[in-house]
Amino acid sequence: MRIGVLGTGVVGRTIAGKLRELGHEVLVGSRSAGEDAVPFEKAAAHGELVFNCTNGNSSLEALSAAGEKHLAGKVLVDVANALDFSQGSPPVVGLGEGGSVGELIQREFPEAKVVKALNTVNANVMVDPRVVPGEHDLFISGNDAEAKTRVAGLLQSFGWPADRILDLGDITAARGQEAYVALWVQLMGVVGGATFNIHVVHG
Ligand SMILES: NC(=O)c1ccc[n+]([C@@H]2O[C@H](COP(=O)([O-])OP(=O)(O)OC[C@H]3O[C@@H](n4cnc5c(N)ncnc54)[C@H](OP(=O)(O)O)[C@@H]3O)[C@@H](O)[C@H]2O)c1
């Protein structure tokens, strides 16, 4: 598949690397073209499916640069969190106006099929869940059932077992996915690293 990955941070690069390993044709998007990145617009235009791996406080800017017409009708996997490091670390987790970054993106780009996914785990876990032993869970949400099925398929190709990908419902569930990151940053300090995840156990 042709995939556009918007974002040159550790997440964008990690996801792009995994997708290439799996045989996809990937272009990484950035504000400026570089040796291994193209402008956001070119990456979005290239993708049949697009990943938003930009800073969650700036995702609307990045996606506007990508261009509404290059996102319309496409699956847009939103990995972003809105973190505020102005008071140091751990950051304050913001939810953006409208409840969550995921909802805000869906509202501003109504023709994109936004699927919130992967924002609850560290980049290395996203693309190789086996680095965390045992069963653990990933959450997805979005308004379009077919888009979620496609994303779940892609996540399975990353190594996530189908029954560990929990569909939380429509894009309003992105609130919970993003709010969880406030707990995640605390846990990171307690467990002493970022290679961890949670498992939902029920009776
Ligand atoms: N780090 C993790 O393991 C992790 C885990 C879960 C979720 N996330 C989320 O995933 C996203 C990516 O995280 P990251 O750590 O890889 O990178 P990041 O530093 O949060 O974001 C880097 C990307 O954001 C773009 N960007 C920054 N300011 C911008 C602006 N004003 N306008 C347009 N674009 C702007 C940068 O563009 P340029 O390329 O032009 O510099 C770059 O491509 C974030 O939302 C983060 O919260 C991260």
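The expected span of a helix is 1.5 Å times one less than its number of residues. Keep that rule at hand for the opening stop. The model on screen is predicted.

**Stop 1: helix α8**

Select residues 174–191. This is helix α8, with 18 residues, and from its first C-alpha to its last it reaches 25 Å, close to the 26 Å expected. Now look along the helix: a kink of about 30° is centred on A182.

Which residues of α8 are buried? Colour A174, Q177, E178, Y180, V181, W184 and V185 to see them. An α-helix has 3.6 residues a turn, so residues three or four places apart point the same way. Next, show what covers these buried residues of α8: the cover includes the strands β5 (75–78), β6 (82–84), β7 (92–94), β8 (113–117) and β9 (138–142), along with helix α5 (101–108).

**Stop 2: K116**

Move to strand β8 and select K116. Is K116 buried or exposed? Its relative accessibility is 0%, and buried means under 20%, so K116 counts as buried.

Show the side chains around K116. Another polar contact of 2.7 Å joins the side chains of K116 and E178. E178 was among the buried residues of α8 at the previous stop. Leaving aside neighbours within four places in sequence, K116 is also in contact with other residues, including V101, G102, F139, I140, A174 and Q177.

**Stop 3: helix α5**

Select residues 101–108 for α5, which is part of the cover over the buried residues of α8. How many of the residues of α5 are buried? The count is 6 of the 8, so α5 is largely enclosed by the rest of the structure. The buried ones are V101, G102, E103, L104, I105 and Q106. To see what covers them, display β4 (49–52), α3 (59–66), β5, β6, β8 and α8, which are included in that cover.

**Stop 4: the ligand**

Select the ligand and the 23 residues around it; T8, V11, S30, R31 and T54 come nearest. Then look at the backbone. A polar backbone atom of T54 is 2.7 Å from an oxygen atom of the ligand. For N81, the distance from a polar backbone atom to a ligand oxygen is 3.1 Å. At A123, a backbone N or O atom lies 3.0 Å from an oxygen atom of the ligand. Taken alone the ligand exposes 890 Å², and the protein buries 77% of that.

**Stop 5**

Select residues 145–158, helix α7, and pick out L155. L155 has a relative accessible area of 2%, which is why it counts as buried. Leaving aside neighbours within four places in sequence, L155 is in contact with A117, L118, L138, I140, W160 and I165. I140 is also one of the contacts of K116.

Go on to G159, in the loop between α7 and β10 (165–167). G159 is partly exposed, at 29% relative accessible area. Finish with two distances to draw in the viewer. L155 and P133 are 22 residues apart along the chain, and their C-alpha atoms are separated by 17 Å. G159 and P129 are 30 residues apart along the chain, and their C-alpha atoms are separated by 6.2 Å.

Terms used:
Residues are numbered from 1 along each chain as its sequence is written. This is a predicted model: local features need pLDDT of at least 70, side-chain atom pairs count only at pLDDT 80 or more; totals for chains, interfaces and linings use all residues. Side-chain values use heavy atoms; hydrogens and water are left out. Helices (H or I, at least four residues) and strands (E, at least two) are DSSP runs, numbered from the N terminus. The bend at a residue is the angle between axes fitted to the seven residues ending there and the seven starting there. Buried means under 20% relative accessible area, exposed over 50%, partly exposed in between (1.4 Å probe, protein chains only). Contact means heavy atoms within 4.5 Å. A polar contact is a pair of N or O atoms within 3.5 Å; within protein, one must be able to donate a hydrogen and the other to accept it, and residues adjacent in sequence count only if both atoms are side-chain atoms. A residue is near a molecule or strand if one of its heavy atoms lies within 4 Å of it. Accessible areas come from the Shrake-Rupley method with a 1.4 Å probe; for residues, only the protein chains shown count as cover.
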